[in-house]
Amino acid sequence: MINKLIILVCLLLLSRAVAAQQIPLVVTVASTSTKTDSLAGATIQLYALPDTILLNTQTASIKGNTFLVNAFKAYLLKATEIGYEPLEKTVTVKDQPLKIPLVFKQKLTSLNSVEIVSRKQLFKQEDDKTIVDATVLANSSSNAYEVLEKTPGAVIDQDGNVYLSSTTPATIFINGREMKLSSADIASLLKSLPAGSVSKIEILRSPSAKYDAASSGGIVNIVLKKGIKIGSSASANAGYFQGVYSTQTAGININKSAGKINSYFSYQFTKRNNFEALASNRFIKKDSSLLTQNAYTTYPAVNNYFGGGIDVALTKKFNIAFDTRIINTNSTSDARNNNIIYKDPSQDVLSKSQSEVNNKTSAFFIGNTISSKYKIDSAGSEWTMEFDYNYYQNSNTQDYHNYFFFPAKPFVNGNGENRNDKNIGVAQTDLTLKVSYKITIETGIKLTVSNSKNSAAYFYKTGNSDSQVDPYQTNTFKYKETISAAYVQLAKTFFSFTLKPGLRLETTDINGRQLVPQDTVLSIKRTDLFPYVFLQHNLFKMFGSYLVGNAIYRRSIKRPYYEILNPYPKYIDAYLFDVGNPKLQPQFTTNYELNVTFTNFPVFAVGINQTNNIFSNVTYQNDITKIAYRTYDNLGKNKEFYGRVVGGIPPGGKYFFYMGAQYNYNEYNGIYQNQPLNYKHGSWLFFMYHELKATKTITLDVQGFMRTKALQNFYELDNFGGLYFSVNKRVLNKKGNVVLSINDLLQTNNTNFILNQANVHASGSRVNDTRRLGITFRYNLGLSKPKESNSFGTPVDSKEN
């Protein structure tokens with residue numbers, strides 16, 4: 001019914017659009033300065049009069065910009081460029097083409113020198129995505145994972161899952177490509193990426209038809225920097241962060257531009273360590289016993305990151321680029337777990353044991369991208385193509401020792417080797433056409449092929465007996481996933497409305513086979529349609545600018561990924577295993593959202609997520625052996641209501657801030673462990689950011705978040721959050737920056753949890769090495785004249801893709 005109403009509203013709105021005679025309005029830009037600086041990067045905006053409604057925004061072209069306007073109408077032209085006075089010009093169109101010159105006057109703030117600093121908003125809204133400038137967040141971070149932790153409105157659990165509006169985890173993209181890895185592997189990969197390599201983070205809570213439909217919880221796209229387009233530069237950085245353990249990092253970035261060829265290279269070395277302290281109590285109802293576990297694990301790692309690329313402008317309209325990124329990480333984890341089983345409530349000790357688990361892991365990742373862009377016209381029409389190949393290899397050697405003190409039993413030792421190889425290839429082409437009547441057409445096709453293989457060989461021995469094969473953990477599993485997609489969407493602006501309907505078709509072909517032992521085969525083959533509708537309207541003016549309302553309808557899919565389909569059991573400790581579920585089926589989500597923005601700043605949003613065949617992380621327990629199995633299962637359906645509000649002072653002055661709050665309320669209905677699941681839960685998320693430019697060279701930042709009574713995979717989490725401080729000082733003739741930072745000052749970014757589902761009743765706490773004092777130094781080596789700062793007091797080394 002709702003879908004029909006949306007279609008009806010769209011048809012009614014379209015019926016109001018009356019075709020009018022279109023007249024080309026050509027706008028050129030120039031400068032009164034004698035300098036030869038190009039103004040091709042200026043921004044030109046066209047407004048309809050008398051209501052001053054924004055109709056079109058373009059980036060100035062050397063050949064001029066063409067706007068299609070209606071005859072016998074009045075319009076307002078606005079143009080801005082860094083370092084120049086803003087321009088406004090009223091134009092009355094008759095029935096003949098017009099050519100309007102706009103001449104900029106350069107700003108002059110001093111007779112001796114001119115210093116120009118333009119400040120980006122920390123985050124802004126563009127249609128269906130929120131763009132977060134990562135530069136200032138990187139100042140107090142040692143890696144990309146910490147940058148993501150501080151991203152406003154995003155919550156990361158301690159397993160590496162990222163949550164936006166929904167309690168379904170978001171899909172992680174890097175440079176517009178889905179990382180088809182488990183949450184733990186993605187977290188490890190992000191911890192291997194330097195903080196300074198992140199240019200911006202794009203948050204798409206309701207992505208359009210242009211993006212993969214496999215994003216029920218939204219998309220977080222981490223955009224990495226690449227070489228600058230003008231001039232040459234180099235920068236170096238070094239950082240030290242101290243908590244219980246320390247992290248050291250150092251690196252260099254080199255960018256070179258020679259005519260039509262731009263290239264860059266970066267290297268970053270990181271040596272880090274962390275710990276996790278996990279305490280849990282699990283009640284076994286069958287025999288009224290209580291299993292208590294206290295585990296302490298350290299995670300030392302050494303990481304090398306290489307990045308490089310080249311961009312060649314073959315013509316003024318056509319360029320081709322190649323980028324590569326290589327990450328090598330060698331890490332270990334050493335865990336000691338003390339286990340005691342009590343009789344409840346007498347507290348008599350039934351069993352006492354200790355587990356020691358040691359892992360040595362070597363991970364290698366290489367990502368290659370060949371891309372091209374052809375600019376069809378100055379209106380913004382373009383054709384792009386991309387070919388990606390990513391390879392991920394993870395080798396792990398594990399040794400574990402189980403000692404039984406009471407009652408005394410022979411010790412059990414085990415060891416094994418586990419290797420995971422993944423190859424992902426992507427071919428994609430997209431076409432954007434700006435056609436008559438202010439219509440934008442977007443269409444494209446995409447093919448993604450992912451091949452994975454996991455092999456594990458485990459052995460164990462009891463006491464002084466000979467070692468023998470562990471048939472439970474020895475496993476070989478092959479997996480292939482092919483996703484074929486095509487989409488089309490239109491965008492049309494009329495009567496202050498912008499309508500963007502779209503449709504995406506995706507074919508899913510998943511095949512998995514367990515070779516050792518030969519007892520499991522899985523197959524998922526299906527074709528689905530995913531509609532999308534975006535409607536935007538200027539609501540009313542406030543302080544000279546419009547509040548803009550947006551309505552979004554979207555359908556999406558979440559497919560089970562390789563790691564949670566693989567039935568291979570992974571040893572965690574003597575009483576806990578991770579096990580995949582090859583019977584999992586995809587889940588589908590329908591999203592409805594209304595939101596409001598002000599000057600591209602997200603202000604307010606309400607929405608509903610309706611999910612069918614939802615799959616979630618669940619825990620099953622063997623009451624006899626007391627071993628718990630963490631796996632995934634399709635549980636039923638979920639209806640989620642959410643609301644979000646954000647306010648503050650925009651950047652531009654000495655001080656600005658934003659503060660926000662989000663509320664989520666979930667209703668689950670399904671079956672869990674053959675029992676009805678009727679569960680309702682609500683939680684709050686609060687976040688804020690403050691920046692004070694204390695002097696011309698000193699900037700103070702405070703960032704924090706708090707989440708109340710959260711729900712994560714049916715674990716009820718107690719209140720948790722974090723508070724982060726940083727001081728940024730520009731030094732050495734403003735070529736260098738020294739950043740002092742304190743992460744998680746109050747050490748509140750840890751969780752207490754409770755799980756009460758079916759026969760599993762557990763509680764406990766989880767603490768990590770989150771409170772850290774850090775110092776970072778960055779220096780522009782100055783191979784050419786430094787580029788003007790375009791962020792919060794930090795020199796620009798490079799741009800994003």
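Trainee: Which residue stands opposite asparagine 550 in strand 31?

Mentor: Glutamine 536 stands opposite asparagine 550 there. Strands here are DSSP runs (E, at least two residues), numbered from the N terminus, while helices are H or I runs of at least four. Keep in mind that this is a predicted model, where local features need pLDDT of at least 70 and side-chain atom pairs count only at pLDDT 80 or more, though totals for chains, interfaces and linings use all residues. Residues are numbered from 1 along each chain as its sequence is written, and side-chain values use heavy atoms, with hydrogens and water left out.

Trainee: How many bridges join strand 30 to strand 31?

Mentor: 10 bridges join strand 30 (residues 521-542) to strand 31, and the two run antiparallel. Two strands count as paired if DSSP finds at least two bridges between them.

Trainee: And which way does strand 34 run against strand 31, parallel or antiparallel?

Mentor: Antiparallel, with 12 bridges joining strand 31 to strand 34 (residues 587-598). On that side, serine 556 stands opposite threonine 589 in strand 34.

Trainee: Why is strand 31 largely enclosed?

Mentor: Strand 31 (residues 545-558) has 10 of its 14 residues buried, so the rest of the structure largely encloses it. Buried means under 20% relative accessible area, exposed is over 50%, and partly exposed is in between (1.4 Å probe, protein chains only).

Trainee: Let's switch to strand 25. What does it form with strand 26?

Mentor: Strand 25 and strand 26 form a hairpin with three residues between them, and tyrosine 437 in the turn has a positive phi of about 60 degrees. Strand 25 (residues 409-435) pairs with strand 26 (residues 439-462) in the antiparallel sense over 24 bridges. Aspartate 421 stands opposite lysine 453 in strand 26.

Trainee: Which residue takes a positive phi in the hairpin of strand 26 and strand 27?

Mentor: Glycine 463, with a phi near 60 degrees; that hairpin has five residues between the strands. Strand 27 (residues 468-469) pairs with strand 26 in the antiparallel sense over two bridges, and tyrosine 460 stands opposite glutamine 468 in strand 27. Strand 26 is also joined to strand 28 (residues 475-494) by 18 bridges, again antiparallel. Glycine 444 has tyrosine 487 in strand 28 as its bridge partner.

Trainee: What about the open sheet with three strands, what's the order?

Mentor: The order is 4-1-7, with mixed pairing. Strand 4 (65-70) and strand 7 (98-104) are the edge strands, each pairing on one side only. Strand 1 (residues 22-31) and strand 7 run parallel and are joined by seven bridges. Valine 26 has lysine 99 in strand 7 as its bridge partner.

Trainee: Which residues touch the most other members in the largest nonpolar core?

Mentor: Of its 63 residues, those are Leu148, Ile174, Leu190, Leu193, Ile201, Val220 and Ile222. Strand 38 (residues 675-693) gives the most to this core, with five residues. A nonpolar core is a set of buried Ala, Val, Leu, Ile, Met, Phe, Trp, Tyr and Cys residues joined through side-chain atoms within 4.5 Å.

Trainee: What does leucine 190 touch?

Mentor: Leaving out residues up to four places away in sequence, leucine 190 touches Asn143, Ala144, Tyr145, Leu148, Ile174 and Ile222. Contact means heavy atoms within 4.5 Å.

Trainee: Last one: how many helices and strands does the protein have?

Mentor: Five helices and 47 strands. Buried residues make up 51% of the 801 residues in the protein.
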